[in-house]
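Please keep the sequence and the 3D view open while working through the numbered points.

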Amino acid sequence: MAAELPSPPRSGGHVDKGLATNKVGTLSGAILGISCVAPGYTLTASIGLIVAAVGLKMPAIFIAGFIPMFLTAYAYRELNRESPDCGASFTWSTKSFGPYVGWMCGWGMVVATIIVLSNLAAIAVQFFYLFIARLLDAPAIADLAGNKFVNIATTLAFLAIATWISSRGITTSERVQFVLVGFQMIVLVVFAAVAFYHVAAGDAPANLSFSLDWFNPFTGLTIAAFAVGLTGSIFAFWGWDTCLTLGEECKDPQRTPGRAGLVCVLSILVTYLMIAVASMMYAGVGDTGVGLGNPDNSENVFGALAEPILGRWGGLVLFLAVLASSAASLQTTFLPAARTMLAMGAYGAFPKKLSVINPRFLVPSFATAVAGALTAVFYTVVTVLSERTLLDTIAALGIMICWYYGITAFACVWYFRHELFSSARNIVFKFLFPLLGGIMLIVVFVISVGESINPENGSGAAIGGVGLVFFMGFGLLALGVVLMLVMRARQPAFFRGEILTRSTPALTDDASSNVTPPQQVG
């Protein structure tokens, strides 16, 4: 049974959350980040959305989505060096702007993770049945993914398995991810290479010639199309900040997470551009056949391209790679959600029960289970309400990402405000990069919220004439305000600024003499 939960320290004492330490290096951190981004799953889910908005400008939109992510990565790096904490965005924004902004930032992070977990589960289910159908040459099996009862039941089973693995410790997660990430990246490189070969041989359906204009976002795009495409692109880069939530478990908490995050986001950009160009040159962006603009293929581009490019057995391997990508990300995406809830519980912003640590595996087992349960409920509700769950969850996720990433970027500028101009390095990495990244993300946030009100900018699903995407995005943020007020009434110390302040020590050797014992469950 659970041990009694001690109260968090007052007056800025360091909170030792009981996580395993000295476990994650730069490479393994980057691998866990890439796994959470899940390029295989992300590409098959987002290419159709982006092409529908911007056509051949897809590479430009990927670069445009990368820029705020890259700039914000430096904000994360600088904040992590100063204050490594598994609460990441929540902890840093609280230290910078106070408990209310910090709580809402943490809430946005948790909700974003719940949304993407449901999205991952949807892709995993699709490719699970698609793989079996093609393997057994039984097309009817693939249709099971469209049966809502079967779909929901299978999704809940996948979520249960992923929750269990995530509860077995960070080392178990790391070992599983090396295999799954390596496999999917190799298959994606082979897919692109074979697609380029077909184009060179002249037997590709579209056989487009390469053009540098594909990389120019300043021609041939309306602001509305650019914003919709950029939302999909920002979604495509989500998850790299997993590296930062593992700071307390890294071998060098001050440096390893930032390095891993930069390696992750750069690797993802190269992969996306390679697949985008290869797919466009092979299939084109038309709305018929294997064209990337075909609405029948929009939620599952690799499902349409796998066999034409790689053949039957090669296509099966690609299906397996996307399934592995979804499964890998489904498991690693629990890491940031559980660790954010752990931090919020440890600091008194969430119920203290969420800070319970499993004494054997040294992971937040209760928070992980809660994340799994919330995802199961969210996915079930959205699947019942929406005929195109993937499209709606991607659009809603873009709103959440811009919210909490943007707050974190501004938090960096404010946190270091007294030293911004003390050196050229600080001007660039603590001021200009975070400020520009934050401005870009907030602009996209405002545009995306406005666009989400119209049901036609999502799947068409609506409640009272207002798009379902609006309720999943901005509506859930508004729900956070209500829950924040409830938590303030129940646990006022955090909101009075008595627990987490700028002076709260970071995870350093100096803090080891002033710790709260880890809250464990036996």
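**Notes on the predicted model**

1. The protein chain holds 18 helices and 2 strands. The model is a predicted one, and every point below should be read with that in mind.

2. The protein chain has 522 residues, of which 59% count as buried. Among the contacts in the protein chain with a separation of 6 or more, 82% are accounted for by residues 24 or more positions apart.

3. Which residues touch the most other members of the largest nonpolar core? They are Phe62 and Trp103, in a core of 151 residues. Helix H5 (residues 99–136) gives this core its largest share, 21 residues.

4. The surroundings of phenylalanine 62 may be traced in the 3D view. Leaving aside residues up to four places away in sequence, phenylalanine 62 touches Leu43, Ile50, Ser233, Ala236, Phe237, Leu269, Tyr272, Leu273 and Ala276.

5. Glycine 33 lies in helix H1 (residues 26–37). Is this glycine 33 buried or exposed? Its relative accessible area is 0%, and because buried means under 20%, glycine 33 is buried. Along the chain, glycine 33 and valine 265 are 232 residues apart, yet their C-alpha atoms are separated by 8.4 Å.

6. Threonine 155 belongs to helix H7 (residues 148–166). This residue counts as buried, because its relative accessibility is 0%. The side chain of threonine 155 reaches the backbone oxygen of asparagine 151 at 2.8 Å. Not counting residues up to four places away in sequence, threonine 155 touches Ala121, Val125 and Tyr379.

7. The surface also deserves attention. Val377, Val381, Leu385, Ile463 and Phe471 make a nonpolar surface patch of about 420 Å². The largest share of the nonpolar patch, 3 residues, comes from helix H14 (residues 365–385).

8. Valine 377, one of the residues of the nonpolar surface patch, is found in helix H14. Where glycine 33 is buried, valine 377 is exposed, with a relative accessible area of 53%. The label applies because exposed means over 50% relative accessible area.

Definitions and conventions:
Residues numbered from 1 in each chain as written. Predicted model: local features only at pLDDT ≥ 70, side-chain atom pairs only at ≥ 80, totals over all residues. Heavy atoms only, no water. Helix = DSSP H or I, 4+ residues; strand = E, 2+ residues; numbered from the N terminus. Buried < 20%, exposed > 50% of the residue type's maximum accessible area, 1.4 Å probe, protein only. Contact = heavy atoms within 4.5 Å. Core = buried A, V, L, I, M, F, W, Y, C linked by side-chain atoms within 4.5 Å. Patch = residues over 30% accessible without salt bridge, like charges linked within 9 Å, V, L, I, M, F, W, Y side chains within 5 Å. Areas by Shrake-Rupley, 256 points an atom, 1.4 Å probe, with all protein chains shown as cover. Salt bridge = Lys/Arg side-chain N within 4 Å of Asp/Glu carboxyl O. Polar contact = N/O pair within 3.5 Å; in protein donor to acceptor, adjacent residues only side chain to side chain.
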